[in-house]
Amino acid sequence: MTKRKALRTAFTVIVTLVLFVLLWEGYKWMGQQTEDHWPGTQFGLPVSTDDLTMPHASDIFNELTDEIRAGRETLPMTVYLAKKAAFTFLEAAIGFSLGVIVGLLLAIFMLRWRFAERGFLPWINVSQTVPLIALAPIVVTWARLQGYPDMVGISLIATYLTFFPVAVSGLRGLQSPDSSDVELMRSYAASWSSTLIKLRLPAARPFLFPAFKLAATLSVVGSIVGEISIGTKTGLGRAILDFAQRYAVWPERLYSSVIAASLLGLFVFGLVNAAEWLVIKRGREVLK
Amino acid sequence: MRENSENLEEAVSIRAADKVFNPDSDNEVQALLGINLDIKEGDFISLIGPSGCGKSTLLRLIADLLVPTAGQVKVFGKTANQARLDQDYGMVFQHSGLFDWRDVSANIELPLELKGWSKADRQARSREMLELVRLEEFKDHYPRQLSGGMQQRVSIARALSFEPRLLLMDEPFGALDEMTREHMQVELLRIWRETGTTVVFVTHSIPEAAFLSSKVVVLSPRPGRIHSEITVDLGDRTDQTRQDPKFFQATTEVREALRAVEAG
């Protein structure tokens with residue numbers, strides 16, 4: 001049953017990818033025929049189709065298998081990007097974990113004290129309106145002044161993005177049990193913390209996992225933006241920055257790093273999905 | 001034993017209890033007014049009345065889930081609060097309130113877990129309880145895999161797992177279809193006989209109240225007051241009892257009391 005579902009998902013992913021490549025190449029081919037105009041009109045295409053703006057899909061793919069000189073060694077592009085991505089993943093993972101802890105603590109705090117919900121929730125919402133690009137250098141400067149490596153500052157930026165969905169969905173999840181479930185726990189003379197552990201936290205899981213998925217992808221975005229805005233020595237953000245500077249010469253490289261970034265996002269999303277399956281779904285599917 | 005129940009201890013005793021919701025505000029509601037009620041140990045009492053008569057509120061006063069605005073509620077001679085802390089009662093709600101993420105045994109073991117019982121003791125007790133409600137082979141199922149009637153049986157098993165002397169039930173069969181409901185009534189009476197637990201049962205079904213109870217307490221609404229108490233004695237009940245003229249007579253008596261309530 002699940003195996004068939006996995007096959008179907010894989011099939012959909014491949015078909016979508018093929019369709020996307022066909023659309024990309026089709027658009028490019030059309031633009032080449034009409035000198036970047038909609039066929040039969042004087043209207044220009046929104047994106048020009050030359051090899052600099054839209055390299056061939058095959059060139060981008062070839063770039064991934066090509067070699068790149070990094071310092072004194074020469075590596076295949078995939079290995080190079082994987083190394084950068086591993087570093088970014090580490091930052092994102094730390095940021096995600098901290099964000100989950102902070103978000104959950106905030107949610108529990110707001111659950112326990114109603115005044116905290118009224119006082120905190122608006123600020124939690126406001127926190128997300130601060131542009132990340134503006135915030136990142138401040139956080140990293142703080143971290144540097146304390147003598148911490150850049151990674152600490154970058155992880156904190158990722159934390160800043162990830163705590164939000166966890167806190168907001170977490171609070172909703174903790175408040176989700178029916179009043180009769182809460183009465184039941186009261187009838188057992190259960191303490192506030194037992195009610196939290198035996199009822200509210202398990203009941204919050206269906207609310208928390210979608211938030212974790214969002215938080216996981218946000219932690220990657222936060223890490224890359226952090227890397228770019230402070231100019232770290234390594235990480236996917238560094239690779240994107242370098243390749244962006246040489247875009248005019250080698251556009252395929254920037255595209256390949258963008259692909260690497262989205263693959264990393266997919267990877268962390270998949271990790272959370274797997275965790276969800278282990279925690280929630282496995283038990284339910286046991287039919288006897 | 002149960003017939004000469006006047007010799008037995010008082011399970012619940014309510015004196016001049018009032019309950020006001022949102023006092024001193026625009027949406028103040030007088031939910032209960034001047035309630036006096038005695039429930040003997042071993043009794044099966046039904047609370048019946050039109051919606052808004054405060055029957056669920058009254059049950060929650062006994063359970064100490066709500067505190068009376070005035071008056072006194074005693075459970076086994078203690079304050080309702082002490083009785084709750086001592087876990088003298090088990091409670092069953094209309095919606096089984098089983099936790100989705102726990103299988104049937106784990107649901108039954110929940111109150112025992114909170115009491116700090118060892119795993120072996122919990123398992124032994126949950127096996128006994130599953131036997132009592134006749135669901136032995138479903139111990140590893142999850143609530144969503146069970147029918148509504150089975151879920152309520154698990155809920156009853158959970159409420160009785162720590163052997164409380166009092167069982168409080170808030171329209172427990174209200175969401176079940178008629179056939180399942182009648183079957184569950186017979187099952188509940190069997191469990192009541194086997195365990196000797198005192199039961200307070202909130203319902204709005206006339207035949208259900210008449211079939212199950214040794215005493216039906218009829219409430220009138222706005223404010224909730226006790227209109228009358230009807231003693232029923234149908235002896236040992238089976239599905240055949242539903243065709244018995246005595247059953248017909250009891251339902252008629254309850255129905256007439258409710259009509260008098262409606263007429264004001």
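Two residues are in contact if their C-beta atoms, placed from the backbone, lie within 7 Å. Helices (H or I, at least four residues) and strands (E, at least two) are DSSP runs, numbered from the N terminus. This is a predicted model, in which local features need pLDDT of at least 70 and side-chain atom pairs count only at pLDDT 80 or more, while totals for chains, interfaces and linings use all residues. Residues are numbered from 1 along each chain as its sequence is written, and chains are lettered from A and ligands numbered from 1 in the order in which they are written.

In H3(A), A:Leu106, A:Phe109 and A:Met110 meet A:Ala116, A:Glu117, A:Phe120, A:Leu121 and A:Ile124 of H4(A). The class counts are tabulated below, with Ala, Val, Leu, Ile, Met, Phe, Trp, Tyr, Cys and Pro as nonpolar, Asp, Glu, Lys and Arg as charged, and the others, Gly among them, as polar.

Chain B has eight helices and 10 strands. Buried residues (20 or more other C-beta atoms within 10 Å of their own, C-beta atoms being placed from the backbone) make up 44% of its 264 residues. The C-alpha trace of chain B spans about 55 × 45 × 40 Å along its principal axes.

Between the chains, 18 residues of chain B are in contact with 16 residues of chain A. On the chain B side, H3(B) gives the largest share, three residues.

| Side of chain B that touches chain A | 11 residues | five residues | two residues |

Notes: Buried ≥ 20, exposed ≤ 12 C-beta atoms within 10 Å, placed from the backbone.
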